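Reader: Can you walk me through this one? Keep it quick.

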Amino acid sequence: FLGNANIPVRRIAYSAQMVYNAGNPDVPIDRVFGIGFDDCGTDTYPKNNGCTQTMITWRVPVSFPIYIMGFMSWMGWWFFALFAGVGFFAFPLDMINDFRTRPHPISTKQYFEERTSLGKRAGILIDVGDKLKMNLETARNRSQKRADTKDVRVYEAHFYQLKKDYQILTIAHKLKGGNPIFY
C-alpha cells in the first residue's frame, strides 16, 4: 500500500500506415483519424482498423517522503477548496461594507468639531498611557504584570482606532470623501 503507486493507463497505438497516411495530402484526414480514442479497438471499430488499445497498470515505487508530499498536497487541495470558497464569498461583502462606510465629504465647521473631539480622546489616551507606564515601571507580582499587559493591549487598540478615525476625518475634509473604492 505505502510502497507502490498503481496508476491505471490506457495505451493507444496507431499503425505506421495510419501515421504515414496522415502526412499524405492525397488521403482525406477523416479517413485517417476518423475514430476517437474511445472507439479504438472496440466492436464498432475492430482492432484491424489500424489502432489498438490496451489497459495497463503502471507501478511506481513511492518512498515515504513522496507519500507525505502527496498526502499534504491532497490535504492542501481540500483546504484551498474550503477557504477559497469562503474568501470568494467574503470579498464582495467586505467591498460592499467598505463602500457603505466610506468617508463622506464634511464641512469645515464639522471638521473642526470632530477634530476637537479626537483631540479630547487623544488627551485621555495620553493620561491613561502615563498611568500604564507608571504601573509597568513598578515591580509587582506576575498576575498584576499579566493584567498590565492586557491593559496595554487594550490601550494599543484604542490608539489604533483613534489613528484610523483621524485618517478618515482627514480624508472626509481634505479630500472631500476621497476615492469611494479605496481610502
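This is a predicted model: local features need pLDDT of at least 70, side-chain atom pairs count only at pLDDT 80 or more; totals for chains, interfaces and linings use all residues.

Reader: Fine. How many helices and strands does the chain have?

Author: The chain has 5 helices and 2 strands. Both are DSSP runs numbered from the N terminus: helices are H or I with at least four residues, strands E with at least two. Along the sequence the pattern reads β-α-α-β-α-α-α.

Reader: What share of the chain counts as buried?

Author: 13% of the 183 residues. Buried means under 20% relative accessible area, with exposed over 50% and partly exposed in between (1.4 Å probe, protein chains only).

Reader: Now helix 4. What span should it have, and what is the end-to-end distance?

Author: Helix 4 covers residues 108–137, and its 30 residues should span 44 Å at 1.5 Å a residue. The end C-alpha atoms are 43 Å apart, which agrees. The expected span is 1.5 Å times one less than the number of residues.

Reader: Which of its residues are buried?

Author: In helix 4, they are Tyr-111, Leu-118, Leu-125, Gly-129 and Leu-132. Helix 5 (142–174) is included in what covers them.

Reader: How do helix 4 and helix 5 cross?

Author: Their axes come within 10 Å and cross at roughly 165°. That makes helix 4 roughly antiparallel to helix 5. Axes are lines fitted to C-alpha atoms, for helices over the stretch in contact, and angles run from 0 to 180 degrees between N-to-C directions. Over 145 degrees counts as roughly antiparallel.

Reader: What residues make up that contact?

Author: The contact of helix 4 with helix 5 has 13 nonpolar, 6 polar and 7 charged residues.

Reader: Switching to Asp-148. Buried or exposed?

Author: Asp-148 counts as buried, because its relative accessibility is 4%. Asp-148 lies in helix 5.

Reader: What is it in contact with?

Author: Leaving aside neighbours within four places in sequence, Asp-148 is in contact with Leu-132, Asn-135, Leu-136 and Arg-140. Contact means heavy atoms within 4.5 Å.

Reader: And what follows helix 5?

Author: Lys-176 follows helix 5, and its phi is positive, near 55°.

Definitions and conventions:
Residues are numbered from 1 along each chain as its sequence is written. Side-chain values use heavy atoms; hydrogens and water are left out. Angles under 35 degrees count as roughly parallel, over 145 as roughly antiparallel, 65 to 115 as roughly perpendicular and the rest as oblique. Ala, Val, Leu, Ile, Met, Phe, Trp, Tyr, Cys and Pro count as nonpolar, Asp, Glu, Lys and Arg as charged, and the others, Gly among them, as polar.
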